[in-house]
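Please read it beside the sequence and the structure.

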Amino acid sequence: MTPRVSIGIVFAVHGAVAGSLATRLPWLEDRFDLGPALLGLVLLCPAAGALLGMPVAARVAHRLGERTATRVLLAAWCAALAPPALAPAAGWLFPAMLLFGATAGMCDVVMNAHGVAVERHARRPIISGLHGLWCVGGLLAGGLGSLAAHAGIDARPHLSAVAAVLLAVGAVAGRGLLPDRPAPAGSAPRRFALPGRAVLALGAVGFCATFAEGASGNWAAVYLTEVAGAGPGLAAAAFTIFASCMAVTRLLGDALVRRLGPVALVRWSGVLAVGGGALVVTARAPVPAIAGFALLGVGVAVAVPLVFAAAGNAGPNAGEGVAGVATINYLSVLAAPAVTGWVAGALSYPAAFAMITCMAAGMPLAAGALRPREEAAHAPAHRGAADAPVGSDR
């Protein structure tokens, strides 16, 4: 198994864990008799755990080695899938979800850092495709979870079985990852890595894209129902189409990076996202609204993978740069659904999506941050098919 195939499976497994739990949240709500307010608090725990875990992930990778850290943290993330369902009482959900988020965030950092290393080894862009495989894993696991929920299968055996299978798949995939190399002297990351100026600039691009992604994913079905007058089936289709467009675009993203370079690609993607947001804001019927969400999905798809790749190459320690932008992205994930709801409640749903469209407009404005430093632009690990730097704005 090649390193590229192995890291692709790691990303797919990571996405499958996330997709599996997401489909069983209604079961958790019913089992523990959680009201909306308590469920909201429970759902804050994964983001809080991730924010606590990600800044120290680079240090873990430095101590264990990137390959070993990826394997260990992926196993921990898979194992963390079962405890929320196995919790004996509602109070146990909080530590279980904190653990779930912490292992998710730390694994997210080290697998993206290793993805950057595999990209250098392959001498061609692969990060967007890896994130596309994450989406595919999430969609497949989410579909399986939906079938299990529809069949009335208890989430405890379902999530425990899925966790065991994914643990085994992740263990096999981990054998093919790149071997660890001795760390250069003086390269140890800080114990608690805060983003530097270059990473903050990259994080701004990721924040805009993630905000539009998170808000659209959480509110697409509600918008279709409340504004476009769609029935339950069409409303649910809006999210599925949005997520599918993101997945397909990410799978095609590496070829687009080779052709356009990351700066131009993110600029054009931002234009598409703004166009999709404008279509959503003006739509009063299901078809144009769904088309708008499809364009939003295409527009925001590649920005985050390219931000991760750029952050991994922004300094001497890939994990530290990735941890910085990942922390900023998770803050956006945490803020986007709530801020969208507040604006919708205070003004209207179209006003909320006008705000999201303005946020998406930040992508083309800040895309220049993805242009690599001069020394990175001459690195052979980032040459495209025409021997032009992957980071060039051609």
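A residue counts as exposed when its relative accessible area is over 50%, as buried when that value is under 20%, and as partly exposed in between. The model discussed here is predicted, and its secondary structure comes to 17 helices and zero strands.

**Confidence**
- The mean pLDDT of the chain is 83, and 88% of the residues reach 70 or more.
- Confidence is highest in helix α9 (residues 155-174), with a mean of 94, and lowest in helix α17 (residues 374-377), where the mean is 41.
- Over residues 374-394 the pLDDT stays under 50, although the model has 44 contacts beyond four places in sequence for this stretch.

**Overall make-up**
- The chain has 394 residues, of which 52% count as buried.
- Of the contacts between residues at least 6 apart in sequence, 84% join residues that are at least 24 apart.

**Packing of α5 and α7**
- Two packed helices are described by the angle between their axes and by the distance between those axes.
- For helix α5 (residues 66-79) and helix α7 (residues 93-122), the axes come within 8 Å and cross at roughly 145°, and the crossing is left-handed.
- On the α5 side the contact includes Leu73, Leu74 and Trp77, while the α7 residues that take part include Phe100, Met106, Val110 and Met111.
- The residues of this contact divide into 13 nonpolar, three polar and two charged.

**Nonpolar core**
- The largest nonpolar core holds 106 residues, and Ile7, Leu81, Leu224, Phe293 and Phe353 are those that touch the most other members.
- Leaving aside residues up to four places away in sequence, Leu224 touches Gly229, Ala230, Leu234, Ala235, Ala238, Pro286, Ala289, Ile290 and Phe293.

**Individual residues**
- Asp33 is placed in the loop between α2 (25-31) and α3 (36-53), and it has a positive phi of about 50° although it is not a glycine.
- Because its relative accessible area is 68%, Asp33 counts as exposed.
- Arg123, found in the loop between α7 and α8 (127-150), likewise has a positive phi, of about 60°, without being a glycine.
- Ala354 lies in helix α16 (residues 349-366), and with a relative accessible area of 31% it is partly exposed.
- Although Ala354 and Val274 are 80 residues apart along the chain, their C-alpha atoms are separated by 9.4 Å.

Notes
Residues are numbered from 1 along each chain as its sequence is written. This is a predicted model: local features need pLDDT of at least 70, side-chain atom pairs count only at pLDDT 80 or more; totals for chains, interfaces and linings use all residues. Side-chain values use heavy atoms; hydrogens and water are left out. pLDDT is the predictor's confidence in each residue, from 0 to 100. Helices (H or I, at least four residues) and strands (E, at least two) are DSSP runs, numbered from the N terminus. Contact means heavy atoms within 4.5 Å. Axes are lines fitted to C-alpha atoms, for helices over the stretch in contact, and angles run from 0 to 180 degrees between N-to-C directions. A crossing is left-handed if the near helix is turned anticlockwise from the far one by less than a right angle, and right-handed if clockwise. Ala, Val, Leu, Ile, Met, Phe, Trp, Tyr, Cys and Pro count as nonpolar, Asp, Glu, Lys and Arg as charged, and the others, Gly among them, as polar. A nonpolar core is a set of buried Ala, Val, Leu, Ile, Met, Phe, Trp, Tyr and Cys residues joined through side-chain atoms within 4.5 Å. Buried means under 20% relative accessible area, exposed over 50%, partly exposed in between (1.4 Å probe, protein chains only).
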